[in-house]
Each structure stands twice: as structure tokens, then as C-alpha cells.
Amino acid sequence: MKNTIISLILFFIVVGFVIFSNNELIKLCDEISKESSQIEELLDSGNWNESYKKSVKLLELLKTDGFVSSIYINHTDIDELINNTVRATVLIKCHDKAESLSTLHLIKYNADRIKQLQYPTLNNIL
């Protein structure tokens with residue numbers, strides 16, 4: 001009886017962690033997409049300094065909030081987002097508009113792809 005209770009407690013802890021991590025990952029992906037869109041708008045208007053500050057803020061967001069997500073999913077996905085954000089930050093600092101925008105689109109695409117992989121669909125299972 002003792003083993004059954006311990007097993008049930010551990011099961012509920014794991015299920016709780018999965019639900020919490022999934023919700024945090026989806027919120028992180030939404031935040032990444034929102035911040036990337038704001039940076040794109042700033043770049044289109046030619047506001048390089050503000051877009052650089054926003055890209056650094058996005059990088060800090062990924063470094064702090066990406067820890068729980070990297071435990072839950074494959075850490076290479078989060079590492080790829082961090083690497084592309086670093087690249088975007090450098091390109092924005094160098095005032096390279098075309099490469100900055102393409103890197104921001106890549107960040108948004110990867111965040112949306114990670115988000116879509118969290119929903120149980122037949123394509124994700126197979």
C-alpha cells in the first residue's frame with residue numbers, strides 16, 4: 001500500500017511538471033514572437049538604438065525563462081533561438097537591416113515551430 005501511494009504521488013508530480021512546463025513554453029514562444037515583431041517594426045522605422053535595446057531584452061528573456069523550457073524539450077531548440085538572437089543583436093548593432101530582419105523572421109519561425117510541436121496532433125505523434 002505504501003508503494004502505491006508513493007507511486008501515485010510521483011505520478012501527480014510528474015504530470016504537474018509537464019503541464020506547468022508546457023504552459024511556460026507556450027507563453028515563452030508567444031513572448032518571443034511578440035518581441036520579435038516589435039523589433040521588426042522598430043527596424044522598419046529606422047530606430048536602431050531602441051531595436052538594439054529590445055533585442056538585448058529578448059536575449060535576456062531567453063536566457064532566464066529558457067531554462068525550464070530547455071529541461072522540458074530538447075535543449076538544442078532553445079540554444080538555436082539563443083544563437084539566432086545573439087546574431088540578431090550583433091546585426092542590429094552593425095546596422096545591417098536585411099540580415100537583421102531575416103534573422104528576426106527565423107527567430108519567429110523557430111518559436112512558432114516549437115509552439116506547434118507542443119500540441120498533440122497526428123503529425124507530431126508520427
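**Ground rules.** I am working with a predicted model, where local features need pLDDT of at least 70, side-chain atom pairs count only at pLDDT 80 or more, and totals for chains, interfaces and linings use all residues. Residues are numbered from 1 along each chain as its sequence is written, and side-chain values use heavy atoms, with hydrogens and water left out.

**Entry 1: helix 1 and helix 4.** I looked up helix 1 (residues 2-44) and helix 4 (residues 97-117), whose axes lie 9 Å apart at an angle of about 160°. Helices here are DSSP runs (H or I, at least four residues), numbered from the N terminus. Axes are lines fitted to C-alpha atoms over the stretch in contact, and angles run from 0 to 180 degrees between N-to-C directions. That angle makes helix 1 roughly antiparallel to helix 4 (the term is for angles over 145 degrees). I noted a left-handed crossing for this pair, meaning that the near helix is turned anticlockwise from the far one by less than a right angle.

Which residues meet? From helix 1 they include Leu-25, Cys-29, Ser-36 and Leu-43, and from helix 4 they include Leu-101, Leu-104, Ala-111 and Lys-115. Contact means heavy atoms within 4.5 Å. I sorted the residues of this contact into 11 nonpolar, five polar and seven charged. In this scheme Ala, Val, Leu, Ile, Met, Phe, Trp, Tyr, Cys and Pro are nonpolar, Asp, Glu, Lys and Arg are charged, and the others, Gly among them, are polar.

**Entry 2: helix 2 and helix 3.** Next I took helix 2 (residues 48-72) and helix 3 (residues 75-93), whose axes come within 9 Å and cross at roughly 165°. These two are therefore roughly antiparallel as well, and helix 2 passes helix 3 in a left-handed crossing. Among the residues that meet are Trp-48, Tyr-52 and Leu-59 of helix 2, with Ile-78, Leu-81 and Val-86 of helix 3. This contact has 11 nonpolar, eight polar and one charged residues.

**Entry 3: cysteines.** How many disulfides are there in the whole structure? I found zero, a disulfide being a pair of cysteine sulfur atoms within 2.5 Å. Cys-29 is buried at 1% relative accessibility, whereas Cys-94 is exposed at 55%. Buried means under 20% relative accessible area, exposed over 50% and partly exposed in between (1.4 Å probe, protein chains only).

**Entry 4: Ser-21.** Is Ser-21 buried or exposed? Ser-21, which I located in helix 1, is buried, at 1% relative accessibility. Not counting residues up to four places away in sequence, Ser-21 touches Val-68 and Tyr-72.

Note on methods. Parallel < 35°, antiparallel > 145°, perpendicular 65-115°, else oblique.
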